[in-house]
Amino acid sequence: MSQGPRSGLYAVSTALLAMSRHLEVRDVLKTIVASARELLDAQYAALGVPDDHGGFAQFVVDGVSDAQWKAIGPLPRQHGILAAMLREARPERLADVRTDPRFEGWPAAHPDMSDFLGLPIRDGDEVIGALFLANKNKKDCSTSADGCGFTEDDQELLTILAQHAAIALTNARLYERSRELTIAEERSRLAHELHDAVSQKLFSLRLTAQAAAALVDRDPARAKGELHQVAMLAAEATEELRAAVIELRPAALDEDGLVATLRTQIQVLDRAHSARVTFAGHGVRALPAAQEEAMLRVAQEALHNALRHSGAGRVDVTLEKRGTGTVLRVSDDGSGFEPTATRTAGRHLGLVSMRDRSSGVGGTLSVESAPGKGTTIEMEVPGG
């Protein structure tokens, strides 16, 4: 290989070991791209996982800054050379991608690229990704039969990497699927246990309440005792529910943290509703698990109220540092309400639940609203 067999094999071995250390699909994709770019000494590298609609389900780049990537805009579609690689499942090595008749240009903010090397990533007969590199770093080209671009040795190295990348990506997908099934099974078990435990408590509560009602007139003392029993059963049912909710901590929080989880959920809501839903996070570090879960639940409740009941055209969610604390704010331009007046049962219970969650983790909750003026809900917790 271009650097000699020992150095080439060592570089490939290092790249393969790096891929094998990760089980999450996103981490595997990032490692493949970074390894390919370093291995072939390229300026840019990217890997796209196709979806079934002419686009990419995932697209990872290396060599492009976050600011550049944001300026470039939406993910590319499956057209031009990318489409050819996915459709024909063969390598593409070009001295100048811009002169290829299939080249269809790129956005204004896209970095300029010339020499190009791309390979499909295959799992059997299925193409599960497209790996490509651009702009080989120019050193001494005098000894290369291929000039200053990517060489046959480079293509051979990338072919080996792509073959092992297919294995790593398939294993990561199987791992994530296995984890999803495990989570689903665990939640099903908890739901079954919750149904049995709470149903028994509610059945006992109902019978005791009926007994108390029958005794009110003829034996008030015994009726009072039955009512005490009702209160005790209700408290036990509440504890059963609270314990189940604690066990059902959202898995995404453990994997991604509060900021990433909120951003993902809000992106989904923005696509699913006619209202514009936005999220901004500023300088917030990781919080204790209980605080992160409480903030997520409050955000979900506030978003539900805004999107289902307020008629809002826009909902803005922010998470930011404020002094020594962290503040979650959910603001909408909906119909609003009078916080001091009698609320509907749903809205009233939602506010009570949010206040309980906030105070339960040492935080505070404030509500600003007025008829026709929208609503802003703020939750503040120490730390972050």
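Buried residues have under 20% relative accessible area, exposed ones over 50% and partly exposed ones a value in between (1.4 Å probe, protein chains only). The model shown is predicted; local features need pLDDT of at least 70 and side-chain atom pairs 80 or more, while totals for chains, interfaces and linings use all residues. Residues are numbered from 1 along each chain as its sequence is written, and side-chain values use heavy atoms, without hydrogens or water.

**View 1. Helix H2 covers residues 25-39.** Helices (H or I, at least four residues) and strands (E, at least two) are DSSP runs, numbered from the N terminus. H2 has 15 residues, and its first and last C-alpha atoms are 21 Å apart. This is close to the expected 21 Å, where the expected span is 1.5 Å times one less than the number of residues. Which residues of H2 are buried? They are Val-25, Val-28, Leu-29, Thr-31, Ile-32, Val-33, Ser-35, Ala-36 and Leu-39. An α-helix has 3.6 residues a turn, so residues three or four places apart point the same way.

View 2. Most residues other than glycine have a negative phi. Asp-41 lies in the loop between H2 and S1, just after H2. Asp-41 counts as partly exposed because its relative accessibility is 23%. Ala-89 sits in the loop between helix H4 (80-88) and S3. With 22% relative accessibility, Ala-89 counts as partly exposed.

**View 3. Five strands make up an open sheet.** The order across the sheet is S2-S1-S5-S4-S3, with antiparallel pairing. Strand S2 (56-62) and strand S3 (92-94) are at the edges; each has a single partner strand, so one side of each has no neighbour in the sheet. Strands pair if DSSP finds at least two bridges between them. Strand S1 (residues 42-50) and S2 run antiparallel and are joined by 6 bridges. Pro-50 has Phe-56 in S2 as its bridge partner.

**View 4. Helix H8 and the residues around its end are shown here.** H8 has 21 residues and spans 30 Å from first to last C-alpha, close to the 30 Å expected. His-309 belongs to H8 and counts as exposed because its relative accessibility is 51%. After H8 comes Gly-311, with a positive phi near 70 degrees.

**View 5. The whole structure holds 1 cavity of 30 Å³ or more.** A cavity is a set of points on a 1 Å grid where a 1.4 Å probe fits but cannot get out, and lining residues have an atom within 4 Å of a point. Points are joined across faces, edges and corners, and volume is the space filled by probe spheres set on them. The largest cavity has a volume of about 90 Å³. Its lining has 11 residues; Ala-302, Asn-305, Asp-332, Thr-375 and Ile-377 lie nearest the centre. Which element gives the most to this lining? H8 does, with 3 residues. Helix H8 (289-309), strand S8 (325-332), helix H9 (345-360) and strand S10 (375-382) each supply at least two lining residues.

Note on methods. On a 1 Å grid over the protein atoms alone, a cavity is a set of points where a 1.4 Å probe fits but cannot get out, and a pocket is an open set with protein on both sides within 12 Å along at least five of seven lines; lining residues have an atom within 4 Å of a point.
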